[in-house]
Amino acid sequence: MKDASSLHQKVQNLCDCYTNNDPLKEMSEIQKETDLEEAAQKWLALAVLHGINNNAANITITTTEDGNGKVTAEYRTADLPSPGGPIAEKVISTIRAITHIEDVSGNSPLAFGIGNNSMDLNVASTHEGGRQKITITFP
């Protein structure tokens, strides 16, 4: 397992890097990435930025039994660009590593800093059948 603190720091640094970009545009191009680990970290950073910029209540990423990924945001019901199945799985494992959620299901607070600001997010993880689901709740 990778050091979760360095994963956490890398995702926060990516948030700083992409602050002036359009998160949805960048998220829609993630499937072209070849490095799954880097793509997962980038997608996670962009999802957090999108949630902050658009006053999202939460963002959920789910993998399905057939290996696909689906993402929804609650502020209005809307599908966000999916990173695709393999990257979605990597996003979920990255979040679980950062938050140390090792059981099938669990919740964890996640202090998240962007630039000179910080906020407390909540991460919930569930696994049902062949589906994994992570929900990031924004303050």
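## Strand pairing and a helix in a predicted model

Strands β4 (residues 106–114) and β5 (residues 117–128) run antiparallel and are joined by 9 bridges. This description rests on a predicted model. Within the pairing of these strands, P109 has N122 of β5 as its bridge partner. The hairpin formed by β4 and β5 has 2 residues between the strands, and G115 takes a positive phi near 60 degrees there.

Strand β5 also pairs with strand β6 (residues 131–137), again in the antiparallel sense, over 7 bridges. Here S125 has I134 of β6 as its bridge partner. In the hairpin of β5 and β6, 2 residues lie between the strands, and G129 adopts a positive phi near 60 degrees. In a regular strand, side chains alternate between the two faces of the sheet.

| Residue | Location | Phi |
|---|---|---|
| N55 | just after α3 | about 55 degrees |
| G115 | hairpin of β4 and β5 | near 60 degrees |
| G129 | hairpin of β5 and β6 | near 60 degrees |

The report now turns to helix α3. This helix covers residues 36–53, which amounts to 18 residues. From its first C-alpha to its last, α3 reaches 25 Å, close to the 26 Å expected at 1.5 Å a residue. At the N-terminal end, D35 caps α3: one of its side-chain oxygens lies 3.1 Å from the backbone nitrogen of E37. Is α3 mostly covered or mostly uncovered? The helix is mostly covered, with 13 of its 18 residues buried.

Key
Residues are numbered from 1 along each chain as its sequence is written. This is a predicted model: local features need pLDDT of at least 70, side-chain atom pairs count only at pLDDT 80 or more; totals for chains, interfaces and linings use all residues. Side-chain values use heavy atoms; hydrogens and water are left out. Helices (H or I, at least four residues) and strands (E, at least two) are DSSP runs, numbered from the N terminus. The expected span of a helix is 1.5 Å times one less than its number of residues. Buried means under 20% relative accessible area, exposed over 50%, partly exposed in between (1.4 Å probe, protein chains only). A polar contact is a pair of N or O atoms within 3.5 Å; within protein, one must be able to donate a hydrogen and the other to accept it, and residues adjacent in sequence count only if both atoms are side-chain atoms. Two strands pair if DSSP finds at least two bridges between them.
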